[in-house]
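Here are my notes on this one, written as numbered points. Have the model open beside you and follow along.

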Amino acid sequence: IRRVQEALVAEYHPADEIRCPVHFCIGQEAPPAGVAASLRSDDYVFTGHRSHGYYMAKGGGLNGLFAELYGKSTGSNHGKAGHHELSDESVNFYSGAIVAGTIPIAAGSALAAQMRGSDQVTVAVFGDGAADQGILYETLNFAALKNLPMVFICENNLYSTYSRQTARQVDCDIAGRSKAFGVPSRRMYGNDALGIFRAARQAIARARRGQGPYLFELETYRWLGHVGPEDDDYLNYRPMDELDSWKKRCPIEAIQGTLMAKGILDDDRTSSLENQIAEEIRAAFQFAKSSPFPTSNDLLTNVFSDKPAKQSVELEALLELPFDFSQAETAPLPY
């Protein structure tokens, strides 16, 4: 995830061929790696706009990612979504829908799995800015009521665009709020991929057993600006010593040090992995740049469903449904 993001940052401006704004996740790689390691291929992930980490961790291909950013027809969404609405149906990954927008959609996915009798789990990923939105709390309440197989992941990087969390919220304990709706939660250090993996594995298994939703608040930090490859610290919305302190807690260096200390990783293996990743990135750039743009004939393809809509229920049929008339005062009257 880190190497792909660095490569896209380096390539973003020289030729100006990437056709969309990009929200990079450098510094926030531990949550997607830790969470997705316990997910099956048929589980669902819905994220917000800082999505590349989860796209890759869920199994989305680099060719599809790069080509989509370049607006090419071979992209994961045929060049129509770009970065902000990136998805890959083949691995059940979806993103976008602006701040907090994918959270209720994720609940719909979890409800559908429950109704099918499937043990699929849905993960909803969002930032601390989404905690300002009422739809998060409505969805937490609904997930608890329906005992949905969901895991909520809040990546708290302390800022909603340029607004610090403490300037927006008196009580910054997002994890604690879920308990008011009957959803258990945990607040964790978000740069420890192994710790996140261990905790997420339990929550995902819990949801798969039908024991309902769980919420994690993972405290992490983005190194780059809110959007694009440049720093935006000239706006003076965050102190430089804060950024420097988080860079010293790099999630990549942390897990690399742990693996080396345990003898799982060494310099030769690290070099081999770096070379393999660099080749995959080089090939993805070549694929994206050599792919064609969509044509005008593609304008309306993959936009509307080709499945027939369900027949509407006639009013007479609705009136025949059982109804407790002792509750009649709660039924809305026709306008």
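1. Strands here are DSSP E runs of at least two residues, helices are H or I runs of at least four, both numbered from the N terminus, and two strands pair if DSSP finds at least two bridges between them.

2. A quick word on the source: this is a predicted model, where local features need pLDDT of at least 70, side-chain atom pairs count only at pLDDT 80 or more, and totals for chains, interfaces and linings use all residues. Residues are numbered from 1 along each chain as its sequence is written, and side-chain values use heavy atoms, leaving out hydrogens and water.

3. What is on the other side of β9? Strand β5 (residues 150-156) is joined to β9 by six bridges, and the two run parallel. Here Asn156 stands opposite Glu219 of β9.

4. Now zoom out. The open sheet has seven strands in the order β2-β3-β1-β4-β5-β9-β8, with mixed pairing. Its edge strands are β2 (87-88) and β8, each pairing on one side only.

5. Next, look at helix α6 (residues 134-146) and helix α5 (residues 102-116): their axes come within 9 Å and cross at roughly 15°. Axes are lines fitted to C-alpha atoms, for helices over the stretch in contact, with angles from 0 to 180 degrees between N-to-C directions. Contact means heavy atoms within 4.5 Å. Among the contact residues are Leu111 of α5 and Phe142 of α6.
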